[in-house]
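Let's work through some salt bridges together, one step at a time. Keep the sequence and the 3D view at hand.

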Amino acid sequence: MRVLFHTIPARSHLYAQIPLAWALRAAGHEVCIATEPSLAAEVTAAGLTAVPVGPLVDPADHGPVVAGDRSPDDEQTVPLDTWPEWLDIGETRPERLTYEYTQAVLSAYTPLIFQYYEWPVLDDLVGFVGWWGPDLVVWDSLAFAGGVAAVVGGAAHCRLLFGLDLVGWVWGWYRGLGGGRGGVVDDPLVEWLGWCLGRFGVGLDEGDVGGWGELVVGQWSVDPVPGSLALPVGAGLVGSGSGVGSGLGSGVGVGVGVGGVRVPVRWVPFSGGGVVSGSFGGWPGGGRWRVLVTLGVSHRELLGGDRVGVGVVLAGLAGLDGWFRGCGWGGVEVVATLSGGQVAGVVVPSNVGVVEFVPLDVVVPECDVVVSHGGAGAFQAALVWGVPQVVVPDLLWDTARKGVRLQEVGAGVVVDPRGLDADGVRCAVGSVLLDGSYRVAAGRLRDEVLGAPAPADVVPVLETLTYRHKPQ
């Protein structure tokens, strides 16, 4: 069959799709990845076929700012560093998840995030689907144009999640609390998706929650997040209602959870190709513990900078090295995957080795703690290798919630980035290094992650689900 992947223009989101794309390709299926032109070279570097859609994005145009050429709505500008904290899409407290709150979240995220990334690519994506005729479209959970193009082009479609399913979570709560009641469309996300379909002469009955749900959460979802960290199932949640939960004959357990049908898959760390020096292990210090510091690439590429203070983190780890040595516990050496721009003007301690890039699957297994902003790549790689974490979340999307869940299961510590200082970093990392229970809990998570089916094992499930869902 022909399979088209679609992602927003962020390397970390693309990297989350590569292992499953290659599993399908290795099984003999035709595979393409559609994304904005700025990522085409990354796709081809991974040995896959790129389909550039939409205009070339100016790297200096950081951040979702809804403009007239990117949305059917009026031009507006909202500072990204304020409203997501007031309207947290990762909110899980039932007393906060009211009808008014969930509608406000959808009213903000739909024009400022969802439309921003997908409106520019919609026409090109629909055109390519109509020409190439994929059987299945696999879309990033922020790449709603993928579902729209699949419906218009007569393909089956599903989401491939990169982290917690916040869209399914908040939309499920909203619909369960009465969103769209009385036959009146007051669901901002559904209203926009309906407008997109209408441009191509396709309509859905607004009362058909299953039909609209498939545009929001896919006909099914492929989910790499271990169940012990996933969002809890809340009363009143609605899913896509596809009714597929058994009988696939693949040995892969398929269930129904938040946001509809779930196909579990093992996360395979991929962060692009790279060259690893033979002397990689020879970092200064020769200490007993090794700490990885990584702040990812999405925040810099999409928003123009890091939310977490690099200098503060490095200063805290420098103090930790001296503290440990003074107590006779050996030193702490740090591998920091930071760019020249990130460390410009920052005092780099002697126990810190800065490297522009090193594949996570090479460096993470050699570390005792991973310090990150909670991005998908570093967070999931640490789970795969059973390494405890200190998460200093950037407070965007699911980073804070993942940190909290990790702390709740005992596999790490989450540190509030607001008012962060070197002492806070030193204490958090030191406690994780010295308390062996964190590594034990991280080991349990590793067992859970490795117990999920590999991408190759999921391919027969996707084949069966595609056959069941594609219009005949």
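**Exercise 1.** With which residue does Asp223 form a salt bridge, and how far apart are the closest N and O atoms?

*Solution.* A salt bridge here is a side-chain nitrogen of Lys or Arg within 4 Å of a carboxyl oxygen of Asp or Glu. Asp223 pairs with Arg262, with the closest N and O atoms 3.0 Å apart. Asp223 lies in strand 6 (residues 221-223) and Arg262 in strand 8 (residues 260-264), so the pair ties together parts that are 39 residues apart in sequence. Strands are DSSP runs (E, at least two residues) and helices are too (H or I, at least four), numbered from the N terminus.

A note on the model: it is predicted, local features need pLDDT of at least 70, side-chain atom pairs count only at pLDDT 80 or more, and totals for chains, interfaces and linings use all residues. Residues are numbered from 1 along each chain as its sequence is written, and side-chain values use heavy atoms, leaving out hydrogens and water.

**Exercise 2.** Is Asp223 buried or exposed?

*Solution.* Buried means under 20% relative accessible area, exposed over 50%, and partly exposed in between (1.4 Å probe, protein chains only). At 12%, Asp223 is buried.

**Exercise 3.** Which residues are linked with Asp223 in a network of salt bridges?

*Solution.* The network links Asp223 and Arg262 with Arg159 and Asp165.

**Exercise 4.** How many salt bridges does the structure hold?

*Solution.* The structure holds 16. One of them joins the side chains of Asp123 and Arg199 (2.7 Å, N to O).
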